[in-house]
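User: Could you walk me through this one? I'd like to start with how you name its parts, and then go on to whatever stands out.

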Amino acid sequence: MSTISEPATDRSTPASQYFAGLARWRVWEILFWVALVGLFFVPDANLPLYGQIVIWGLFAMSLDLLLGYRGIPSLGHAAFFGIGGYAAGYLGKFGWIEPISGLVIAALLAGVIGWLTGRLIQRVSGIALLMVTLGLNLILNDVVHRQSGLTGGDDGLQGIEVAPVLGLFRFDIFGRTAYLYALAVTFVLFLLARALVKSPFGLALLGARENPRRMIMLGAPLERDVTTVFAIAAAFAGAAGALLTQTTQFVSPTSLSFQRSADVLVILIIGGTGRLYGAFIGAFVFLILRDWLAELSPVYWYFWIGLLLVVMVAFFRKGIVPSLEALVRRVRRR
Amino acid sequence: MTTIATVLFNGVAYGMLLFIMSVGLSVTMGMMNFVNLAHASFSMLGGYVLVVVTQQLGLPFLISLPLAFVVAGLVSLVVERTIFRYFYGTDDLTQVLLTLGLIFMSIAIVTYFWGGTYQQIRVPSWLTGQQDVLGLTLERYRMFLVAVGAVLALVLIFGLERTRFGACVRACVDNARVARACGLNTELVFAVTFAIGGGLAGLAGALSANLLGIDPNFPLRYLVYLLIVVSVGGMGTITGTLVAALLLGVADVAGKYYAPEIGGFVIYTITVLVMLWRPHGLMGRRA
């Protein structure tokens with residue numbers, strides 16, 4: 001009787017073995033996070049830049065949940081990044097200066113709005129989906145631009161205060177606290193995302209990505225799952241936005257512009273979708289490249305970003321991480 | 001009363017511009033299922049052809065318009081033959097990213113040659129100033145735009161409905177696979193349609209230079225309008241595109257005139273609602 005009612009706790013069933021195998025940590029995964037912590041101890045490291053990379057990585061990872069695991073492209077993901085960023089900004093400006101609770105509130109707010117958006121788009125697909133997500137992003141961007149009395153308009157929100165993390169670590173000008181704080185928050189959220197995509201729910205998302213009709217026949221609640229994953233992705237994006245606001249003590253309308261939505265999409269495509277790590281690798285490549293190109297040719301650097309995009313989709317449509325995986329697999333087989 | 005009529009008229013003129021700019025995109029999207037964001041770059045190209053021809057070569061305005069059409073058409077033909085045709089049949093997102101990359105490149109290239117500033121355009125004196133018509137004071141240039149747009153709309157609708165090539169285009173929009181199976185040279189139809197669409201975009205860019213201004217960020221600024229017109233009107237329909245463009249033009253001008261503080265809010269909200277209500281557009285058929 002009990003084996004039927006509680007199959008998940010039984011380690012010997014094929015299903016639970018399967019999920020346990022999925023969730024096992026690989027060596028390179030551990031190395032990846034150790035390397036990120038190690039960056040902190042490198043002398044003269046450009047920590048503000050690395051902090052940005054971690055935050056962008058988290059932002060791209062939130063889009064990966066949507067695009068990589070459920071196959072929903074969004075042209076307006078920056079809307080949630082911006083909601084989180086402004087929420088954290090207002091909290092800091094009006095006296096709620098404790099960072100961790102502020103971050104949670106900002107992420108929850110973005111998640112709630114993401115849930116509502118998910119309700120709206122759960123039946124839409126194709127071009128209409130791209131247009132609705134883009135349209136919602138533009139509406140929000142427009143509101144923030146127009147209500148300059150409330151949002152500071154183009155100048156952004158000034159005078160954001162953030163208390164030391166845990167009452168101990170002050171945000172310094174070298175970005176040391178900021179880097180570790182961003183890394184810690186990102187790691188916790190990464191663990192959540194990893195658990196999510198390796199759970200039965202994550203598997204249901206993948207199934208719906210590959211063959212929605214068949215998933216319906218298997219009895220999967222397709223539309224409810226879309227709404228759920230949209231809310232989660234929005235909350236993660238909101239957390240990324242809040243992180244950026246808290247670590248820079250500033251937020252401006254560029255954080256929810258179409259440009260930002262396009263950038264995060266580019267990052268994810270460069271790194272590779274459906275891998276979680278692709279988001280971070282993509283963010284690393286994109287931001288380092290942008291930094292370097294902008295220094296090289298301040299006016300024309302977007303040409304190279306554009307060329308990179310064209311070459312990527314033409315020859316490496318899968319992105320860096322999946323291409324590397326395929327390479328490793330081929331080498332091993334020999 | 002007169003202000004309402006003037007706002008309506010300005011909106012229609014703006015809508016005509018949007019129609020010429022986006023009709024090619026609508027037809028090629030309906031035909032090949034190809035999401036070409038770089039269509040907006042062809043428009044910018046037309047604008048810069050106008051700048052070069054009128055300012056640097058000193059040729060008259062009316063000659064530069066067909067030149068803008070021809071140059072933009074040729075360039076879009078080249079791009080279609082060398083790049084885009086390898087991406088038919090890939091998913092929406094791949095096409096969006098590819099053409100977004102092309103937009104970034106086009107912006108950088110234009111900045112390299114002409115700098116990042118707005119270009120000054122001189123139009124002939126008979127197109128400047130205002131004219132009294134039926135008790136209304138209307139700008140001559142906008143009247144010119146409405147006339148050009150109306151003629152082009154008639155030509156396109158007539159051409160699509162009554163000519164042999166138009167029948168080929170309609171066959172390809174309805175079902176490219178069956179059209180090919182029936183012996184139609186769909187590659188050729190695709191390429192020619194693409195060239196005409198790109199040329200029209202270039203013409204619209206040249207026409208808009210005086211009104212909207214032309215600078216390297218033109219594609220990103222008007223891309224959204226293009227996408228709204230195409231998706232609200234429905235892909236692959238000329239009348240749908242015309243209706244959506246006029247609707248959007250009037251809504252945008254009226255919104256900016258009567259409620260400037262809410263800005264683009266009106267059109268974006270309309271777009272989202274239409275897309276949720278009819279995902280295939282006002283006049284689009286189910287794919």
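Analyst: Helices (H or I, at least four residues) and strands (E, at least two) are DSSP runs that are numbered from the N terminus. Residues are numbered from 1 along each chain as its sequence is written, while chains are lettered from A and ligands numbered from 1 in the order in which they are written. This is a predicted model, in which local features need pLDDT of at least 70 and side-chain atom pairs count only at pLDDT 80 or more, whereas totals for chains, interfaces and linings use all residues.

User: OK, where is Leu276(A), and what is its phi?

Analyst: Leu276(A) sits in the loop between H13 and helix H14 (277-296) of chain A, and its phi is near 65 degrees, a positive value in a residue other than glycine. Most residues other than glycine have a negative phi.

User: Is Leu276(A) buried or exposed?

Analyst: Leu276(A) counts as buried because it has 24 C-beta neighbours inside 10 Å; a residue is buried if 20 or more other C-beta atoms lie within 10 Å of its own, exposed if 12 or fewer, and partly exposed in between, with C-beta atoms placed from the backbone.

User: Which loop holds Gln249(A), and what about its phi?

Analyst: Gln249(A) is in the loop between helix H12 (222-248) and H13 of chain A, and although it is not a glycine, it has a positive phi of about 55 degrees. Gln249(A) has 17 C-beta neighbours inside 10 Å and therefore counts as partly exposed.

User: Switching topic, how many residues of chain A are in contact with chain B?

Analyst: On the chain A side there are 29 residues, in contact with 31 residues of chain B, where contact means that the C-beta atoms of two residues, placed from the backbone, lie within 7 Å. Helix H7 (126-146), helix H13 (258-271) and helix H15 (301-315) of chain A each supply at least two residues of that side, and the largest share, 13 residues, comes from H7(A).

User: What classes do those chain A residues divide into?

Analyst: The side of chain A that touches chain B has 23 nonpolar, three polar and three charged residues, with Ala, Val, Leu, Ile, Met, Phe, Trp, Tyr, Cys and Pro counted as nonpolar, Asp, Glu, Lys and Arg as charged, and the others, Gly among them, as polar.

User: And within chain B, how do H2(B) and H8(B) pack?

Analyst: H2(B) and helix H8 (residues 218-233) of chain B pack at an angle of about 125 degrees with their axes 8 Å apart; axes are lines fitted to C-alpha atoms, for helices over the stretch in contact, and angles run from 0 to 180 degrees between N-to-C directions. That makes H2(B) oblique to H8(B), since angles under 35 degrees count as roughly parallel, over 145 as roughly antiparallel, 65 to 115 as roughly perpendicular and the rest as oblique. By class, the contact of H2(B) with H8(B) has seven nonpolar, four polar and no charged residues.

User: At what angle does H2(B) cross H4(B)?

Analyst: The axes of H2(B) and helix H4 (residues 92-114) of chain B cross at roughly 15 degrees and come within 10 Å, and the two helices are therefore roughly parallel to each other. Among the residues making this contact are Met44(B) and Tyr48(B) of H2(B), and Leu102(B) and Trp114(B) of H4(B).

User: Last one: what does Ala195(B) touch?

Analyst: Not counting residues up to four places away in sequence, Ala195(B) touches Gly73(B), Ser76(B) and Leu77(B). Ala195(B) lies in helix H7 of chain B, and it counts as buried because it has 22 C-beta neighbours inside 10 Å.
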